[in-house]
Amino acid sequence: MQSSRLNYKNDLWIDWCPGCGDFGIVNAMVRAFQDLKLDPSNVVLVSGIGCSGKTPHYFNVTGVHTLHGRAIPFATGIKLANPQLTVIVNGGDGDLLGIGAGHFVAVGRRNIDITVILHDNQVYGLTKGQASPTLPRDLKTKALAKPNIQDAINPIALAIASGFTFVARGYAYWPEHLKELIKMAIEHKGTALVDVLQPCVTYNDIFVVDYYKDRVYKLENDPNWDPVVKENSKDEVQEKQAKALEKAREWGDRIPVGVFYRNPHVETFEERIAKFNPLYEQVPPVMQKIVGEDGVSPSITRDDFRRIFEASLVKVEKL
Ligand code: SF4
C-alpha cells in the first residue's frame, strides 16, 4: 500500500483559526499514520464537541463526530465490536475532562486498546473562550470577566491515577516529536493518553507560543529518565508512577514533554473479555451473525437507509 500524505489527509478546507495548535496535531497524526503505514480503512477517529471535534472531518479514514463528552464511550464500543481496528479519540480538555471526565477515568480502569489525543488549550475555544478544566486558578484569559476561581485538573496525574498504561505529553508546535509520541501511543497495547499542549491563539492569551517556547523540554534528554515498567513488580510500578506524578507537577519555568509512564504488562480489556469468552478474539461481535427466531438474519439495505433518511428530512421540513 502506498502511504503518501494523500492517503490520510483529505482536501477539505480547515476552518480552525490561522496559527491554531490543532494544525500541528493533524500534521503529526498524518506523519504518524504514514510512518506506521496504517491501512486507512482500518483507522477510526472519534471526536466529541469543540474545535478538536472537527479533526475526523479532515482525514480520509473512518470518522465519527459524536456528542459532547461521549467520544470515549463511542470509541469503546467500536473497539470492542471490532478489536482489529486502530481507534483514536480526539477531544479537547473541556470535552474529555469536563462533561466527559467520568468516561476518561473509566477507560483507564479498563485499559482498552485505544489512543486518546487530548487537545489541551485550557479554554473552551468553540464557545468563545470560557475557562476549561485545565486552566489554573487565578488566571484571567482575555475572554474571562474575572480570574478563574477553580483549580485545574492535571491530565497526566489523572490518567496515571485512573490506570492509563501509556501516558505522554507533546507540544503542538513540535510536530516531529509529537508524531513519535502518537506512534508509540498507537503501538502501545492498552489505553494511551497523549496530552498535547495546543495553543488557542484566539482566546488564550496566556499559554501562547512565546510562553511555551523557552519552557518546554524533552524528558528523554535526561539519560536517567526511564518511564517504562520492566519487571512489573508492585514496587516497580509504584516507583515509576510516583516519578511520573512528580514530573507531572512540574509547570512553571520548565514544562516537560515526552513519555511520563508506560506499562506494557497490564491485560487489556479485550484480553479480559476473551478469558471468559474464548470465542471473542476469533469471532468478535462485528463478525457475529444475528438471526431472529425464524433463523433469518435481519438486514438493512442501502434503500432502507435512504427511506429512513428521506422520511426524517420530511419531518424536519414540517417543523
Ligand atoms: Fe484553535 Fe482556539 Fe481558534 Fe478553536 S478558537 S480553532 S482552539 S485558535
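This is a predicted model: local features need pLDDT of at least 70, side-chain atom pairs count only at pLDDT 80 or more; totals for chains, interfaces and linings use all residues.
The salt bridges in the model number 22. One of them joins Lys 54 and Asp 15, with an N to O distance of 3.1 Å. Lys 54 sits in the loop between strands S1 (43-47) and S2 (62-65), and Asp 15 in the segment before helix H1 (22-36), so the pair ties together parts 39 residues apart in sequence. Asp 15 counts as partly exposed because its relative accessibility is 38%.

Arg 137 and Asp 151 form another salt bridge, at 2.8 Å from N to O. Both residues lie in the loop between strand S6 (130-131) and helix H5 (155-162), 14 residues apart. Arg 137 is partly exposed, at 43% relative accessible area. Asp 151 is exposed, at 54%.

A further salt bridge, 3.1 Å from N to O, pairs Lys 243 with Glu 239. These residues are 4 apart in helix H8 (residues 234-248), so about one helical turn separates them. Lys 243 has a relative accessible area of 42%. For Glu 239 the value is 40%. Salt bridges also link Arg 31, Asp 35, Glu 176, Lys 179, Glu 180 and Lys 183 in a network.

The shell around the ligand holds 7 nonpolar and 4 polar residues, and no charged ones. Among its members are Trp 16, Cys 17, Cys 20, Cys 51, Asn 121 and Tyr 203.

Ile 308 belongs to helix H10 (residues 302-318). Ile 308 counts as exposed because its relative accessibility is 52%, and exposed means over 50%.

Note on methods
Residues are numbered from 1 along each chain as its sequence is written. Side-chain values use heavy atoms; hydrogens and water are left out. Helices (H or I, at least four residues) and strands (E, at least two) are DSSP runs, numbered from the N terminus. Buried means under 20% relative accessible area, exposed over 50%, partly exposed in between (1.4 Å probe, protein chains only). A residue is near a molecule or strand if one of its heavy atoms lies within 4 Å of it. Ala, Val, Leu, Ile, Met, Phe, Trp, Tyr, Cys and Pro count as nonpolar, Asp, Glu, Lys and Arg as charged, and the others, Gly among them, as polar. A salt bridge is a side-chain nitrogen of Lys or Arg within 4 Å of a carboxyl oxygen of Asp or Glu.
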